[in-house]
Structures are given as C-alpha cells and as structure tokens.
Amino acid sequence: MTQRAAVATEGATAARLPDGAGRQRRGAKQNLIGWSFALPFLVLFAVFVAGPILASLGMSFTDMRIADIRNPFAVDIVGFENYAALFQDERFLRAAANTAYFVVVAMPLTMAAGLAIALGLNQAIVKFRTVFRVGFYLPVVASVVAISVVWRLILNEETGLINGILGVFGIDGPGWLTTPELAMPSIIAMTVWRNLGYQMVIFLAGLQAIPLMLYEAADIDGANRWAKFRYVTLPLLRPTLLFSAVITLIGYLQFFEEPFVMTEGGPLDATLSVSMYVINQFGFGNYGYAASISYVLFLAIAVLTFIVFRFLRPQD
Amino acid sequence: MMSTWRRALMPLAVVIVLVAACGRSDDGDGEAGETATTQAAAVEEGPATGTISVWAMGTEGDNLGVLGDAFKADNPDATVEATAVPWDAAHDRISTALAGQETPDSSLIGTTWMGEFASTGGLDPTPENIDPSAFFEGAWNTGVVDGVSYGIPWYVETRLLYYRTDLAEQAGFDAPPANWEELKQLAQGMAEQGGAEHAISLQPGGTGAWQTFMPFVWQAGGDILDESGNFTLDSEATTAALDYYRSYFDEGLSPESLEVGALEQGFADGTIGMFISGPWMMGIVTDAGAEEGTWDVALLPEGEASRTSFVGGGDMAVFTDAANRETAWKFVEFVSRPETQLLWYETVSDLPSVEAAWDDPALADDERLARFGEQLQDAKSPPAIATWEQIADVIDTQLEQAILGGVTSADAVAAMQQEATTIGTGQ
Amino acid sequence: MTKLAAPRLNTESSVQPPPAPSARSRGIWLHVVLVVGLLVMVVPFVWMVLGSFKTTAELRQLPPTWIPENPTPENYRELFTRLDFPRYFFNSTVVAVAITLGNIVIGSMTGYALAKLDFWGKRALFLLVLGTLLVPGVVLFLPQFVLVSNLGLVNTHLGLIITTFAAPLGVFLMRQFMLSIPDDLIQAARVDGAGEYRIFWNVVMPLCGPALATLGILTFLGAWNAFLWPLVVATTEELYTLPVALALFAIGQQETNFGLLMAGSLVVMLPVLIIFVLLQRYFTAGIAMTGIK
C-alpha cells in the first residue's frame, strides 16, 4: 500500500489530464484518494476484526479447550476433525433443524406483519401516526432481559395472560414454553412481536418512495385496492423486500437471545438454535469446536443470502 | 512497548499454528484418585502489606468491603480492593481474564468451575498454612483438582427436604421421612389424604437438575467417577436412582413443569407438599406467605447407601498471575477463620464452610439452620474435573429425556455414560 | 421537534391521497385494527411499568396482580441509591456516543469511497465488508479480548469502544445511501475546483442527514444495550456500564430481583426511546434510501 501511495503522489498533479496518456496516472491519484478515505476503517478493521476472524478460523482447526487458554499455541492441529464431528453431533443437527424451522416460519411472519402495519399506517386517514410508529417500535428498543421477564409471565401456564383469555372461552390453555411442540411457536411469536417494528420502519420507508402518480394513474384505469397493491405497490417494493429479507435472514439465522432468556434451549432441546449451541460450547470451553460451528453457520448464512439476492433482486 | 506489540499479535499467530509444527506437550498427568491433598509451601507469617484486588459476584461482591475492612483492622498496611461482578456471565468474565492474563489477585469462584479453571494453570495451589480439616470435607473437595488444592470453600449451601408438616400429619407422618420408602409413602399420602395437587416437586430436567438428581445416585451408592477416574454413570445404582426419581413423575406425584414462582407459592398454599432445595428458600417461602408451624426442613431420606446431599456455594482462589500473592493468601486465610465466617454470615447470611463456626449460637440455636449444618456432614460435590459443566449438561439433558421424552432409565444412563466418556475428564 | 429541517424525503407527501367519503367506515376499521395491534405491542411495557412499582412479594404472588396493591417507589429508590447511577450513566453515555460518532465518521468516509470513488481494490474491500457482516459475533469474542488485553486496554474506556468503533454495518449502510446521491453534484463541485475532502464534508455529508440518523440510532442502540463486552473489559466497578451494573444488582446466584430489574430496564430504555422519538422521521427516510438500492 505504501508503494502505491508513493506512485500516487507522483501522479497527483497530472490528475485532470483529459487524454488517454493521463488515464494511468489519474488512476494512481484516485487510488490514493480512495484509500485515504478507507484507511481509518481499514486499519481498525484489520486489527480488531480481521485479526480475530483469522484467529478464530485458525482455532476451528485445532482442539483448543479452556485448559489451553493461557497458552494458546500449545494446541494440536486437528484439521477438519471438528467439522467432521459436527455432522455426527445429534444435538448440533437438532439445533440446525430448529434454526431452519425458526427461519422458515418467523421470517415470512415478521415481514408480513411489518408490511401489513406499514400499509395501514401509510393510509392518509390515519391519525397520530407518530404514536403508532413509536409504539410499534418500542420492543426493538427494550433489552431482551426485560422483555423476557414480562413474556414469561404472559405465557405462564397457570396464571398467564394468554391462558387467562383462553379460559374466558372455556379453553384450558397449555404450557406454552414447557410443551416441546409449543415452545418453538411461542418463541417465534415473541420474536415476531419484538422485530416487526423494525420491519415496519423499513416498509414505511419503501412505501413512501413510491411515486403518488402511479396510484393516480391506476385510479384512472379503475383499478381496485387489491389490484393497486398487486400491480403497483408490490413490484415497486421489490428492492425494499430484498433489503428486509436479507436483514431478517442474517439476523434470524443467528437467533439465540429469545431461547437464551426464555427456555435455555429446552424443553427437550426444542428451542436450541445453532448460535445458542455455539454459546454453550463456548461456555464449556470447547473453543475449537465452538469456532467450527460458527464457520459452518457463516457458510450457511452466506449461501442463503446469495440465494435470496438472486431470487429477489430487481429485474432490469 | 516492543513486547506489547508482540503479544498483541498473539491471536493472529494462532493461524500460524496451522503451518508451524507444534502441539500440546504430553506431560502425562497422574490419574485422578483418592490421594491425600497436596498443598504448596506456607506463605510467610506476619502482617500483610500492599493492595490486593478481589472479585466476587452479586451480593458477595457488593458486601466484600466488610471483610476488607476487617482485614485492614488486623493488617493496617494492606488494602483489599473489592470488585462486584454480575453472576450472570461471571464464568465468561473469569475465563477471558485468564486468557488475557488480566486476572485480579483473588476471586470468588463457583464450586463447580474449579476443575475447569485449575486446568488452565491459572490458579495457585493452596499453601500449607491453611488446614483442610477445619472445613466440611465435601466443601473442601470442591477445590481439590487431581489431588491438589486450588482454593478454599468460602461459604457453603446444601440441599434439604422442605415439607409441609400439616400435610404430613394428614398422611400419618409425625416425623420426616427417614428413607426412600417412607418418602414415597409420604408423597402418596400427601396426594391422597393431604389433597396436595403436587405431592413433591422434583426438577424434571433443564439447567441444574443434576443438583437435585445426583444426591439420589449418591444415596443409592453410585457416583460419577470411580477411583481411577473412569465414568460410572451407567452403574446399577444410577439406574436404580433414575427409576426411583422418575417414578414420582410416572405416578403423577411431581409436576412435569413448574412455572417460575409457582414453587414457593404452591408450597405456601399447601398445593405442593415437598421439594428439595437450599437455605435461600427459607426466606422465599416465608415471603410467599408460608406460615410458621406448617412447614419444616429435614435431612434427605436415606437410600441403599447413605443420605448424602449436594454441597455447593462459593470457593475463594488466588490466581497464578496475582500481583500480590502473599497478601492474597493471607486474606484467604483470614476469610477462613471462624470469626470471619460468622461475620460473613451476619453480613449476607452465607453459611460458614468452617465447622467450628457452627458452634456459635447464631447458627446452633436456629433449628432449621442447624439441620443444614447436620446435612453438611454428609454432603458431596461433583468431581472437580475440567469438563464438569459439560458433563452436568449431559446429565440434565438425559434426565429430561427420561422423564419428559419417555426414554427408558437404562437407555438414559447408557447415553449419559457414553456421552460423558466421549467428553472425558479433560485430562 | 417537528420543526427540524425537513428530511430529504417528505414523509407526508407520498402518503396515499385522502379517500372518498364512502371510505369513512373503512378508516374507522383501520384505526380499530391498528389500535388493537398497538395494544399488543404496548401492554407488556405497561405491565413492566406497573410491576416496577410493586414489592418483591407482590411480584412473586400468584395469580399476578395488574395494578400494584401498595404502589412503592422502592425499586427506583434502590436503583438510584444502591447503584452509583451517575457514574454508570456517564460510562454508558461516553461509550455509546463514542462508538456512534466513530461509526458515523468512519462509516461515511469508507462508504463514500465505496460509492463515489474509483480506486484499485474497491470491489475486494466491499466484499470484505459484506463478508464480515455475516460472521457470527460470538466467535470473535475471545480473540478480541486477548488482543485488547495485550494492548493494555483492559479496564479503559478505549477498550470498551475500540472493537466496535468502525463496524462494517456502518460502511454498508452509508455506501448504500450515498449511491443515491447524484454524481452530477459531485462532478459539479470538482469542476468548481473543490478537493475531494471538501466535497465529502461540504457537499456529500450535508445530504446524508437521514442515513446518519438511521446509522446513529442503530449503532447507539447496540452500544447502549451491549452486555458481554463491557462485562469482560471493565474489570472494576468504576468502568461498568448501565446494563452490567443492572445485572450485578438485579440477578443473583439463586434469585432475581424482578422489581429492580424492571425499574432499571425502563430507566435504561428511556434515553434510546427519546432519541428514537426525536429522530424517527429521519430514521424512516434514511432507511428508505439505504434499503432501496
């Protein structure tokens, strides 16, 4: 990089030459300017992010455990052994299946709920828009520990709010967090509740960028509300949907906070997620193994994000 | 400066590990066994000097200053700098501190974390001038890793049977159940004659369930490791204990799930007849409205072999990287004196780990507390091995599989044994 | 606060036009649905507020009560007396503000380079930023701590700040936003003879208000609620942040002080909520222009 910088200074004065000969030298100046803008980030990134990423990636090929923590070089290299072991590890496979279940159900639900509220709030007749916006955004701002305290009480089998309401209709509500089949749906409900405010903001932004005249033109054509949504709103919302889908996907594939504070992954591992399994293994001091799970997760996130990009990107 | 930067590159260098030839040195540690505890040479006599930093969690950390002041009264040239650490994630805090060699001089360490942290070489062996026989044996053993002591029990807790005396009377019991058979009869009686919705509340699995379950294994004569350090989780005793434990669920005597707060409330209302827990529950059930004269605590009922309970609490250790090792150990020794232990009991109600402290009227005259003292004579901790937290998770998980997942006891203990053997003891 | 300079995207103008009078009943129904939705979102917080005025005994009571039987400010009193509140508030503020500023400045600079400048290695740099966004954070925790401790930054404000001072998310958001700024504008400034740094500060940055609000809120929220990193880096109480201090006093080895936890969580939440209310118009507009690329 320093070498490049030296070359760049040399060419600095010739930067605005319009002819072909100057192109090479203009490139050099632009390199200098470009990198000078990126430099502060690059330095901090290289030291505090790239370094630790490489270290943890290296760690995933060793048998590093807590006993090695004061002397990390005295570990054995085990190659892909951690990665191979993962696919024999029933709990990991269970966690992977749970994570897939969670993403497949919670992602469309959160996006749909966020979109529905944004559509509602985007109607001109709606009053007190700020109150609604802040209200729906409230859960995003709160810490998950505080939220968990309240939600555990709401979902309580004997005395919770939900079973109380069901009781009015003569239904004996189940243990939402203690029945293996219901624990994950309950966690999903809580996650949707917690994240739909953020999605709402994204969709509101997207809706507001749609030019009004398109709706006016549709009105002239006599389109009904559904037709307007289907043929005007949805196509023009495509970039927003992509953004929302990618953000949600990356976040949800790494989900752990909700089960961490609500169920600790139980009952019977029904809510154990991959990220939570990483945290557990990390806590057990199996650093090499924990790192290898993280990079498998990273790979899954990268591949799935790529697929979503392909699938949803604007068609030119 | 130079060395700072060289050390700064250390995490990066882990990558180099991939290319460079290296590996752990195999110094062939001795097998874990029932050998006498080894201790380090005594620290010098005389008053302590200098400043030491000490970490302690939650309430203990918040009130540690009381002990620091008392220590300073004896040693005017010494200062204890106490830092309170949240219990939540305290484990991560200590492991990262060890990794970065940023430990304080001394810290409170959860009794079940000792094996793990000692395996890093980051804990200093206990010097000889601290006498093991002053402590409850089960408590002292929490700090003994591979025959070497790495700290002292600072305070203890053990588990007793909490039971509703009024329901017991209706079931025809004037005295607490003495053995497994009587416990079962009492549970059945409480459900039938006493009308308790749940005769007893045992943990069906989930984090920490092993603390309720393992005493039954010990009572049946089983254990986690044998003398040569091999797992014995698939022993007949473990199977028998699991059969007995799960029978409470199969017969509908214990709930398969209980919401937070429902235990103390149910016990106070008489809808839950019994449960097994530690001393902190005495205050909680009273707060929940349990009236005096309707409940009591009792020693755990005897199984085939014993009436062993679980002993936990907190240990105090000194780190290898301590800046002021001498003073740190002098402070630890000071903490282990009976009068300091009593001061600590008066400050935060932590039970003394030193037997002599229990002769004081503050403890001896309280009937319920005295029973905890009695149970401490026969209370055990899990082996202090590096992988304990992981083994505990295996036990919790398989216990849950047996009780909620319908797996047979034989299969569950076989899975415990198999998984534990795969994990190993971290040797 | 609504008198702040209008964001680039006027939130009211693009809203669908007022409906015909026949749609009046539809409007009522819409409000009913939205209010029900709002209740679902807000009720847990109402419960939390009410709970923060209850005694420990009442909080443990089954069935739980809605309205405090004996309302008491005890939890708040405890929060402000047992905790060295000003100190923890100060630490949290310093750390969160520094991280937010760092991400705004560095994220904008790098984002500008990626969006509007042409230089060797640009594509690789962008892919690097994107790739890092996908790495699960847990795995970096231990190497980062060893690094920070070897730099002698444990138990310093700088140590609390440095690892998230220049996060890839900021670079990504700012790049996306700056792509929407017309090249002509920058070209015109170049023709006028302005240097690249002046163009960045005087031409581009003033247009980035909404994006900066978005990035600012997201970064501040993350830094303000962070728990694990401040917990391990702040080794003495002088450097604890609010969430760490709250966990210290509210969550014990065997029991949790729910009242204190709720009161504390509400107080910790308040500054972020105020910031959101103040900046929410910009926030939406910012997302509009970062997300639609």
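Student: How are α5(C) and α8(C) oriented to each other?
Tutor: They're oblique to each other, because their axes cross at roughly 125° and angles of 65 to 115 degrees would be needed for roughly perpendicular, over 145 for roughly antiparallel. Bear in mind that this is a predicted model.

Student: Which residues of α5(C) and α8(C) meet?
Tutor: On the α5(C) side there are C:Val129, C:Leu130, C:Thr132 and C:Leu133. They meet C:Pro168, C:Leu169, C:Val171 and C:Phe172 of α8(C). That contact has seven nonpolar residues, one polar and no charged.

Student: And what's the handedness of the crossing?
Tutor: Left-handed, as α5(C) passes α8(C). The two axes come within 9 Å.

Student: OK, switching to chain B. What's the strand order in the open sheet of four strands?
Tutor: β8-β9-β7-β10, with mixed pairing. The edges are β8 (198-201) and β10 (295-298) of chain B; each has a single partner strand, so one side of each has no neighbour in the sheet. On average, neighbouring strands are turned by 15° against each other, ignoring direction.

Student: How do β7(B) and β10(B) pair?
Tutor: Antiparallel, over four bridges. B:Leu161, for instance, has B:Ala298 in β10(B) as its bridge partner.

Student: Which helix packs on that sheet?
Tutor: Helix α8 of chain B, residues 180-192, which touches β8 and β9 there. Its direction makes about 140° with that of β8(B).

Terms used
Residues numbered from 1 in each chain as written. Chains lettered and ligands numbered in written order. Predicted model: local features only at pLDDT ≥ 70, side-chain atom pairs only at ≥ 80, totals over all residues. Pairing = 2+ DSSP bridges. Helix = DSSP H or I, 4+ residues; strand = E, 2+ residues; numbered from the N terminus. Axes fitted to C-alpha atoms, helices over the stretch in contact; angles between N-to-C directions. Contact = placed C-beta atoms within 7 Å. Parallel < 35°, antiparallel > 145°, perpendicular 65-115°, else oblique. Left-handed = near helix turned anticlockwise from the far one by under 90°. Nonpolar A, V, L, I, M, F, W, Y, C, P; charged D, E, K, R; others polar.
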